[in-house]
Amino acid sequence: MTYTTPPERDSRPRDGRENKKDVMIKINHQAGAVGALQLLGLLLVLMVAWLLWSGLYKPLLLILGLFSCLLSLWLARSMGFFRHALPLRSLLRLPVFWGWVLREVIKSSIDVARAVLSPSLPISPTLVELDAGETTAAGKVIVGNTITLSPGTVTIDLHEDRMLVHCLNRQAAEELLSSETQRRTGKLGIR
């Protein structure tokens, strides 16, 4: 026995235009539903980050900082950033992840500086194909961007679950093959 759903009634006016209600539902679905508490939380995080990174506390700059944070929120909402829920445990794990990324960037910067400043220029460009290790698009992008942030490595392509990465030398390629980036990103629990 098969079940079928009845056809949906066309709610458009006879002249072919869409109702305002239908348009608003589409816009809200595309932009993602987000509560005021989530927006305020993100605004607070953005403001604290802006204050810590800028170090400037003059009234005009504080107002411009608030404006830039509000603009960022508006852009994020209009681009559909809030379509995917980010669990609280993921937010709590971010500082540890950022610390690890910073440590890897510093370590890679030193390695690249040594290679470039060495008279023998010990580079051996290598392409590596990796498993993204993530099921969500957001997780795959985080893995790819994390790899690209480290000097000496660039994510060239991401297709389905495979990533093509260019490395400055074989040592960087071997480190990528250990899948540490994928493991650390997986711990974030991005869905």
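1. A quick definition to start: buried means under 20% relative accessible area, exposed over 50%, and partly exposed in between (1.4 Å probe, protein chains only). At 13% relative accessibility, S150 therefore counts as buried.

2. Some housekeeping: this is a predicted model, where local features need pLDDT of at least 70 and side-chain atom pairs count only at pLDDT 80 or more, while totals for chains, interfaces and linings use all residues. Residues are numbered from 1 along each chain as its sequence is written, and side-chain values use heavy atoms, with hydrogens and water left out.

3. Back to S150, which sits in the loop between α5 and β2 (153-159); helices (H or I, at least four residues) and strands (E, at least two) are DSSP runs, numbered from the N terminus. Leaving aside residues up to four places away in sequence, S150 touches E104, V105 and S108 (contact means heavy atoms within 4.5 Å).

4. E104 and S108 are also among the buried residues of α4, as are L94, F97 and W100. What covers the buried residues of α4 includes α5 and α7 (180-188).

5. α4 bends by about 35° at L94, with a proline, P95, following within four residues. The bend is the angle between axes fitted to the seven residues ending at a residue and the seven starting there.

6. Now the largest nonpolar core: it has eleven residues, including V128, V143, M163 and A173. Such a core is a set of buried Ala, Val, Leu, Ile, Met, Phe, Trp, Tyr and Cys residues joined through side-chain atoms within 4.5 Å. β1 (126-131), α5 (137-149), β3 (162-167) and α6 (170-177) each give two or more residues to this core.
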